[in-house]
Amino acid sequence: MIVRDLANRRAVALAAAATAAVLLAATGCSSSGSSASAGGSAASGKNLTFVAGKTGDPFYITMKCGATAEAKKLGYSFNATGSADWSVPEQVSSVNSVTATRPKGVLISPVDPNSLAAPIKTLQSAGAKVAIVDTSLTDGSIGVTHISSNNQQGGQKAAETLAKLTGDQGEVVVLTPDLTTVTTNARIDGFKQELTAKHPNVKIVDIRQVGDSAQGAASAVSAVLAAHPGLVGVFTANSQTGEGVSTGLKNAGKQGQIKVVSFDAGPQQVQALKNGAVDALISQDPYGIGQQAVDQLDAALTGKQVTATLQTDLAGITRDNLDDPSIARFLYKADCGS
Ligand code: T6T
């Protein structure tokens, strides 16, 4: 079952999630170079830009699709850019280039909570309204709106799901891109908190940084298995780590034997769920994040009330509910046509 966004509805989401299929509240955002425009009286002559964390990532692609559609509906021209990798220098450079184009509004998912603060402040000083999407900055005063998933809650749900899959006992590992990204860190915090509080016999034996790459995660799996031959489960904190773990387990001949719960639901992750390499996905609503961010920027630009903080939905996806129509919006896109 799925619960709609906004923090004041999260209690409903939690109650619903108590059943087998897992259901959470989350966020997302997406990117990569593209543009769309349409005429519209209220927003005539106004332009929006999206700066993604990683342009080729299905999560950000899907966010871009939602933002593009909403911008078109409201009559804004829309561009998308960002870093090809999860890179601070690349994203700083993107923000500086965007500032030079003088957009009226910008959606941005900062890849670092501190290093992007100064360039985004400069962007704001140049007159742009800014929506911080998916990730966050340490300085919460930057941006007119902040839209994301409840990543901590998603991590808790991942722990609950993995505990169930492993019979509530045994050694598990966490694979994460790094220990600086606020979203993945919040997921890991939630994961640890839930196991400590409710599943003490499920032990985290390693939290491994593997880089934001499927290859890094695949290689880490063999090292992890060598160090922990009795491993029963893996939690991967985002798409790329989730994509790599299935390859790593397949290479080790352990596919299907070790339970896997992955954050996000990119096309490759969904395929891995279908073929049994992964057991559950905790998915966000990046399309909705993109839509809502554009709505909030439009409100800021037209003198309407802006909501400072919004949380979007999460969904727990298994082979049992994958084809449920209510899950469709939680499956990420490889491109806006799919
Ligand atoms: O999980 C998403 C996003 O929420 C996170 O901030 C970074 O990784 C993803 O883009 C998935 O790869």
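The side chains of Lys198 and Glu194 meet in a salt bridge, with 3.7 Å from N to O. A salt bridge here is a side-chain nitrogen of Lys or Arg within 4 Å of a carboxyl oxygen of Asp or Glu. Because Lys198 and Glu194 are four residues apart in helix 6 (residues 182-198), about one helical turn separates them. Lys198 counts as exposed at 55% relative accessibility, whereas Glu194 is buried at 7%. Buried means under 20% relative accessible area, exposed means over 50%, and partly exposed is in between, with a 1.4 Å probe and protein chains only.

The model is predicted: local features need pLDDT of at least 70, side-chain atom pairs count only at pLDDT 80 or more, and totals for chains, interfaces and linings use all residues. Residues are numbered from 1 along each chain as its sequence is written, and side-chain values use heavy atoms, with hydrogens and water left out.

## The chain as a whole

The secondary structure of the protein chain comes to 10 helices and 14 strands. Helices (H or I, at least four residues) and strands (E, at least two) are DSSP runs, numbered from the N terminus. Of the 338 residues of the chain, 56% count as buried. Among contacts between residues at least 6 apart in sequence, 75% join residues at least 24 apart. Contact means heavy atoms within 4.5 Å.

## Salt bridges

Side chains of opposite charge can pair when their charged atoms come close. By the rule given above, the count comes to 10 salt bridges. The table shows three of them, including the pair already described.

| Pair | Closest N to O distance | Accessibility of the partners |
|---|---|---|
| Glu70 and Lys73 | 3.6 Å | Glu70 6%, Lys73 63% |

Glu70 and Lys73 both lie in helix 2, three residues apart, which is about one turn of the helix. Glu70 is buried, and Lys73 is exposed.

Elsewhere, salt bridges that share partners join Asp285, Asp313 and Arg329 into one network.

## A buried charge without a salt bridge

Asp298 is placed in helix 10 (residues 286-301). Asp298 is buried yet has no salt bridge. The nearest side chain of opposite charge, Lys304, is 4.1 Å away. In this count Lys and Arg are positive and Asp and Glu negative, while His and the chain ends are not counted. Leaving aside neighbours within four places in sequence, Asp298 is in contact with Leu74, Tyr76 and Lys304.

## The disulfide

A search of the whole structure finds one disulfide, a term that stands for a pair of cysteine sulfur atoms within 2.5 Å. Its partners are Cys65 and Cys336, with their sulfur atoms 2.1 Å apart. This pair also links distant parts of the chain, since Cys65 is in helix 2 (residues 58-74) and Cys336 is in the segment after strand 14 (314-317), 271 residues apart. The torsion about the S-S bond is about -95 degrees, so the disulfide is left-handed. Cys65 is buried, with a relative accessible area of 5%, whereas Cys336 is partly exposed, with 40%.

## Nonpolar cores

In soluble globular proteins, nonpolar side chains tend to be buried together. A nonpolar core is a set of buried Ala, Val, Leu, Ile, Met, Phe, Trp, Tyr and Cys residues joined through side-chain atoms within 4.5 Å. The largest such core has 48 residues, and those with the most contacts inside it are Phe50, Leu107, Leu175 and Ile317. This core draws at least three residues from each of domain 1 (31-143 + 285-312) and domain 2 (151-283). The domain bounds come from an automatic or database domain assignment. A second, separate core of 16 residues includes Leu162, Ile188, Val202 and Phe263.

## Leu322

Leu322 lies in the segment after strand 14 and counts as buried at 7% relative accessibility. Leu322 and Val270 are 52 residues apart in sequence and 8.6 Å apart in space, C-alpha to C-alpha. Leaving aside neighbours within four places in sequence, the contacts of Leu322 are Val270, Leu273, Lys274, Ile317, Ile327 and Leu331.
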